[in-house]
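Here are my notes on the charged side chains in this one. Have a look at the model first, then read on.

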Amino acid sequence: MKYREDGFRSFNNVFVTVPVTDKLRKLIQTFPGGAEADYILAYGYIDHEAGMTLEVLAAAQKAGKGFRFWDSNDEGTVKIRIGSITDLECYYLDDDDGKLYGWYKEKVDNLSVYDVDDDVKVSRGMEFLDAFREPDFPDDVLVHLFKEGYHAEGCWVRVEALDEENHQFLGTLLNEPEQELGCHEGDRIAFFFYEAEKDRRLLCADLDQEGAIVPAPRAHMQSLEEAIRAFYDEGSQENLHRVFETLTCSTVLIPCEAKLSDADMAQFMKLLETKGEDLTGDTVISQDNVRLIPKILQHEGKSFFPIFSTEEAMEDYGKECSIVGKPFMEVLPLVQHHPEKLSGIVVNPFTQPFVVPMELLEREKEE
């Protein structure tokens, strides 16, 4: 089967083998059997933000009508975005007896961090939406925005929920409209399926309809630092609530350790030996995927997941690591499913720290 021909449903939540290309071989060079493999065993899932993805489980080799599989790699995760293999002939693997799942259970179970609300899951099964989907991003659909006095404008929208009572969808606008339509990138809008004359079908958003737009938080809102400062100054329940309200709407910075492949590390060491410690002006281009692993802070025997509101709040710590920006709500699964036992999240630990305890995060997860 090929992704371009069979689509995302044939790859979602199933085991597949992907033929090894020169580029893909680099992904499994640290896996047992990586040098001998002619296929990669992977598990397909949908990343709501990054689209259809394959989690690499093991190196594989075709043997007659079946496959031979090696053990997995314990050094973290390796992913294949579907856009890089759309035309490759892949094989679907039936796992009715659960053997494959049993062998690679840990890596498959870790993909639960990409679980979505039931509404989004239901929308993935709606075949009438397929005509409007971005092929590599099944949750993203093309919606035409309508407003009186303006021409219709097509924009990409990420499906977030179903409004069954009003027979419409709710989604996040992914790009800024070219016209001044009263909505902006990041806003949540309501849209619906419309069948016009001559079998013309569209997904439409009537922006003149009351409640059609729910604006995203803007810069004029109280900053995270201001909310934390107000809580420290007064310590009221209202100010505590405001911190959490601001935090849930914030994009935060995560300090990460960049882990290079053996090949890239060898390239860097060679340059270091040749040039000495002063590498100013030299560039090393990574040949393989660079894995970014969130850093953990230790304090009085406890482990915390650090996040920051700005680069300034990181002080010198930010010079020692790579930085990734994420909406706070996307940080929660990283903390809740972290392999290390954490005591919680700490916001701006080097300036005015604010701790979100693990007990609260677990309660949020249950709800």
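The points below go through the salt bridges and then a charged surface patch.

1. Ground rules first: this is a predicted model, so local features need pLDDT of at least 70 and side-chain atom pairs count only at pLDDT 80 or more, while totals for chains, interfaces and linings use all residues. Residues are numbered from 1 along each chain as its sequence is written, and side-chain values use heavy atoms, with hydrogens and water left out.

2. The structure has 13 salt bridges, each meaning a side-chain nitrogen of Lys or Arg within 4 Å of a carboxyl oxygen of Asp or Glu. One to check by eye is Arg 4 with Asp 87, where the closest N and O atoms are 2.6 Å apart. Arg 4 sits in helix H1 (residues 3-6) and Asp 87 in the loop between S5 and strand S6 (91-93), so this pair ties together parts 83 residues apart in sequence. Helices (H or I, at least four residues) and strands (E, at least two) are DSSP runs numbered from the N terminus.

3. How covered are those two? Arg 4 is exposed at 57% relative accessibility, whereas Asp 87 is partly exposed at 46%. The classes are buried under 20% relative accessible area, exposed over 50% and partly exposed in between (1.4 Å probe, protein chains only).

4. Helix H4 (residues 105-109) has a local pair: Lys 105 and Asp 109 are 4 residues apart there, about one helical turn. Their salt bridge brings the closest N and O atoms to 2.7 Å. Lys 105 is partly exposed at 41%, and Asp 109 is also partly exposed, at 28%.

5. In helix H7 (residues 237-248), Glu 238 and Arg 242 are likewise 4 residues apart, about one helical turn. They form a salt bridge at 3.0 Å, N to O. Glu 238 is exposed at 53%, but Arg 242 is partly exposed at 26%. Elsewhere, salt bridges with shared partners link Arg 9, Asp 130 and Arg 133 into one network.

6. Finally, which residues form the negative surface patch? They are Asp 71, Asp 74, Glu 75 and Glu 106. Patch members have over 30% relative accessible area and no salt bridge, with like charges joined within 9 Å; Asp and Glu count as negative, and a charge is placed at CG of Asp or CD of Glu. Asp 71 lies in the loop between strand S4 (66-69) and strand S5 (79-81), and is exposed at 60% relative accessible area.

Key. Patches are made of residues with over 30% relative accessible area and no salt bridge: like charges are joined within 9 Å, nonpolar side chains (Val, Leu, Ile, Met, Phe, Trp, Tyr) within 5 Å. Accessible areas come from the Shrake-Rupley method with a 1.4 Å probe; for residues, only the protein chains shown count as cover.
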